[in-house]
Amino acid sequence: MKMDTKNIVNLNLKKDQKVLNFSDFQKQSIKFDITKLQEAYNQIIQTKKFDDGGGISHFGAICLTRIPGDPESVKGHKARGLYWTKPDKSGKEVVRDVNIDESAYSEFVPDYENTYFKEVFDVLSSKYKLGRVRILLKEPRSTLSWHRDPEPRLHIPIITNPGCLMVIDNVARHMPADGSVWITNNTKYHNAFNGGEENRIHLVACVLDYKFN
Ligand SMILES: [Fe+2]
């Protein structure tokens, strides 16, 4: 029988165009207890306020690690850190904020040692070389800038809603708050938005030894 190869090729092309590639969102093989994560979060916000990263709207950070003995290393611009963005119609990339020596953030902040986050930190740091570990707040109906970071990021969603998505390049994904751990390729241009009406809370760690192909 004679094959109509022209039609087969066309079908494959259409199929390829429909398949999304989620390889910049990598779910890890470890999982934590989501109830304990939410309890730990509720525990720390009794006494700690989110830092606004030097005046960033709809954003907040609580650093769980710091430069040993240096309480200033978790405040203001150091709670955010260096990134690149394309802020205007020229499409030209600019660099923002301060450079961070991520590997210096080796000390778990003593105030949180009696929370489940210490256990989570110990497990994560036995598996990955971590930089800053932060609890990040994204307020309702808000977005980050379109930007790229110096290194990949590890995410553990703690509180989320269906309208919370992270976009990397042209691919968007919701990460559920079920104790799962994700590593996302933040070295590509990305964004995260919260289209819901409640805060989005993630534990986010800088990962210094993870390579995306
Ligand atoms: Fe980022």
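This note describes the strands, helices and nonpolar core of a predicted model.

1. Basis. Because the model is predicted, local features need pLDDT of at least 70 and side-chain atom pairs count only at pLDDT 80 or more, while totals for chains, interfaces and linings use all residues. Residues are numbered from 1 along each chain as its sequence is written. Helices (H or I, at least four residues) and strands (E, at least two) are DSSP runs, numbered from the N terminus.

2. The sheet. Six strands form an open sheet with antiparallel pairing, in the order S1-S13-S10-S15-S7-S2. Two strands are taken to pair if DSSP finds at least two bridges between them. S1 and S2 are the edge strands, each pairing on one side only. From one strand to the next the twist averages 30°; axes here are lines fitted to C-alpha atoms, for helices over the stretch in contact, and angles run from 0 to 180 degrees between N-to-C directions.

3. From S1 towards S10. Strand S1 (residues 25–31) is joined to strand S13 (residues 180–184) by four bridges, and Lys-31 stands opposite Ser-180 in S13. S13 also pairs with S10, over three bridges; there, Arg-153 stands opposite Thr-184.

4. Strand S15 and its partners. S15 pairs antiparallel with S10 over six bridges, with Ile-156 opposite Leu-203. S15 also pairs antiparallel with S7, over seven bridges, and Val-133 has Ala-205 as its bridge partner. S7 is in turn joined to S2 by five bridges, where Phe-59 stands opposite Lys-138.

5. Burial of S15. Eight of the eight residues of S15 are buried (buried means that 20 or more other C-beta atoms lie within 10 Å of a residue's own, exposed 12 or fewer, and partly exposed in between, with C-beta atoms placed from the backbone). In a regular strand the side chains alternate between the two faces of the sheet. On one side of S15 the buried residues are Arg-200, His-202, Val-204 and Cys-206, and on the other Ile-201, Leu-203, Ala-205 and Val-207.

6. The nonpolar core. The largest nonpolar core has 31 residues, of which Cys-63, Leu-64, Leu-203 and Ala-205 touch the most other members. Such a core is a set of buried Ala, Val, Leu, Ile, Met, Phe, Trp, Tyr and Cys residues joined through C-beta atoms within 7 Å. The elements giving two or more residues to this core are H2, S2, H3, S7, S10 and S15; S15 gives the largest share, six residues. Leaving aside neighbours within four places in sequence, Cys-63 is in contact with Val-74, Ala-79, Val-109, Arg-132 and Arg-134 (contact means C-beta atoms, placed from the backbone, within 7 Å).

7. Helix H3. The 12 residues of H3 should span 16 Å at 1.5 Å a residue, which agrees with the 17 Å between the end C-alpha atoms; the expected span is 1.5 Å times one less than the number of residues. Phe-117, Val-120, Phe-121 and Leu-124 are the buried residues of H3. They cover an arc of only 100° around the axis, so they lie on the same side of H3; this arc is that of the directions from the helix axis to the C-beta atoms. Asp-122 and Ser-126 are exposed on the other side. The cover over the buried residues of H3 includes H2, S6, S7, S10 and S15.

8. Helices against the sheet. H2 lies across S2, S7, S10 and S15 and runs at about 85° to S10. H3 packs on the sheet, touching S1, S7, S10 and S15, and its direction makes about 135° with that of S7.

Technical notes. Two residues are in contact if their C-beta atoms, placed from the backbone, lie within 7 Å.
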